[in-house]
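Subject: Structure for you to look at

Hi,

Here is the structure I promised to pass on. Please open it first, then read my notes beside it.

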Amino acid sequence: MPAPLRIGVVGAGLIGGSIIRAAVGAGAEVTACDRDAATVAALEEAGVRVVDGPAEVAAASAVAFAAVPPQAAPKVCLAMLDADAEVLVTDTASVKESVCRAVAADAGPAQLARFVAGHPLAGRESRGWENADPAILAGAVWALCPQPGATDPAALLRVMEVVTGPIGARVAVVDAHEHDVALACTSHMPHLAASALIGTVAASAPALRYRLSGGALRDGTRVAAASSELWDEILRDNAGNIVVALDTLVAELGSLRDLVAEGRWERLLDRWQERAALRDDLQGARWGREGTVGALGWGEDLGPLLAFGRRGGLVTAVHRTDSGGAVLDTKAVPAPTTPG
């Protein structure tokens, strides 16, 4: 019988805790640490092995996750890379360029080869071990951002195995800069938009407006309740890309405002229908229609895998071959319902 997979997690909050629960449920041997005494007690009560810090986590693990905020991620990753010469290290921060840059600045080539930057797109507005749930990771898209010429392809393959295997997510292999540009539009800007929306509603007669609110306001403002401490770090780290995304949103709103003010109702209806079709495409590509299923041969050249990720392709499983290679199960983005 093969030895159980050894997984380490630094930080047992919402994401780290969900990784822990998923790994334990899959039969992995999990070692974790957390700075919060109550969380440590809860981990021990759940039967998770708890150690003092990142170095001890690394020493006990084959693959270790730094599930900490962006500013802490480089230090934690470097501590684990320093502590053990074999452990593979990845993080979960929602910004990638700054983390990759900071790790690269202080890591030697051998250490950097074992670092695979990552980001699971699986957050909620709630946080903490008590809200951790492996279901939020099952089927989630998990970005992995290898550094060409620095990341060992074998390390990327092994991290992909863990993420798609016991954790049950689907991997998008993408460039760190392209990740941050995309997340500015798909996550960071929408969080600010939610904050602006609730601020607009509450600007006058909030009691009446709250009472007369419906599902659109509830859904549109949900993420305004997210942790301000965490989001302060994210917004600072990705500010340049977020400004571009906000400018695009402001221009879009300004265009709609002008159509209403000028009474150009037919054009407004056309715009509404155009955007509704785009929303259908988003729903289908991300949460609905299944795309084309295929296979991708594994090679040392990461270019084809990065190109596949740039097109929205996902790796859903890793299969090792008898010859020592691997084949990746993949899923491409479904065809859009709208042209172009």
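Below is what I found, from the whole chain down to single residues.

Keep in mind that this is a predicted model.

Overall build. The chain has 14 helices and 11 strands. Its radius of gyration is 22 Å, close to the 20 Å that the globule rule gives for 340 residues, so the chain is as compact as a globular protein of that length. The C-alpha trace spans about 70 × 45 × 35 Å along its principal axes. Of the 340 residues, 44% count as buried. Now take the contacts between residues at least 6 apart in sequence: 70% of them join residues at least 24 apart.

The cores. The largest nonpolar core holds 46 residues. Ile20, Phe65, Trp142, Leu156, Met160 and Trp298 have the most contacts inside it. Helix α7, residues 153-164, gives the largest share of this core, with 7 residues. A second core is separate and has 31 residues, including Val57, Val87, Ala93 and Val141.

Click on Phe65. Beyond its neighbours within four places in sequence, Phe65 touches several residues, among them Ile7, Val10, Met80, Trp142 and Ile167.

The cysteines. How many disulfides does the structure hold? The count is 0. A disulfide needs the two sulfurs within 2.5 Å. Cys100 is buried, at 7% relative accessible area. Cys145 is buried too, at 1%.

Best wishes

Notes
Residues are numbered from 1 along each chain as its sequence is written. This is a predicted model: local features need pLDDT of at least 70, side-chain atom pairs count only at pLDDT 80 or more; totals for chains, interfaces and linings use all residues. Side-chain values use heavy atoms; hydrogens and water are left out. A nonpolar core is a set of buried Ala, Val, Leu, Ile, Met, Phe, Trp, Tyr and Cys residues joined through side-chain atoms within 4.5 Å. Buried means under 20% relative accessible area, exposed over 50%, partly exposed in between (1.4 Å probe, protein chains only). Helices (H or I, at least four residues) and strands (E, at least two) are DSSP runs, numbered from the N terminus. Contact means heavy atoms within 4.5 Å. The radius of gyration is taken over C-alpha atoms; the globule rule is 2.2 Å times the number of residues to the power 0.38.
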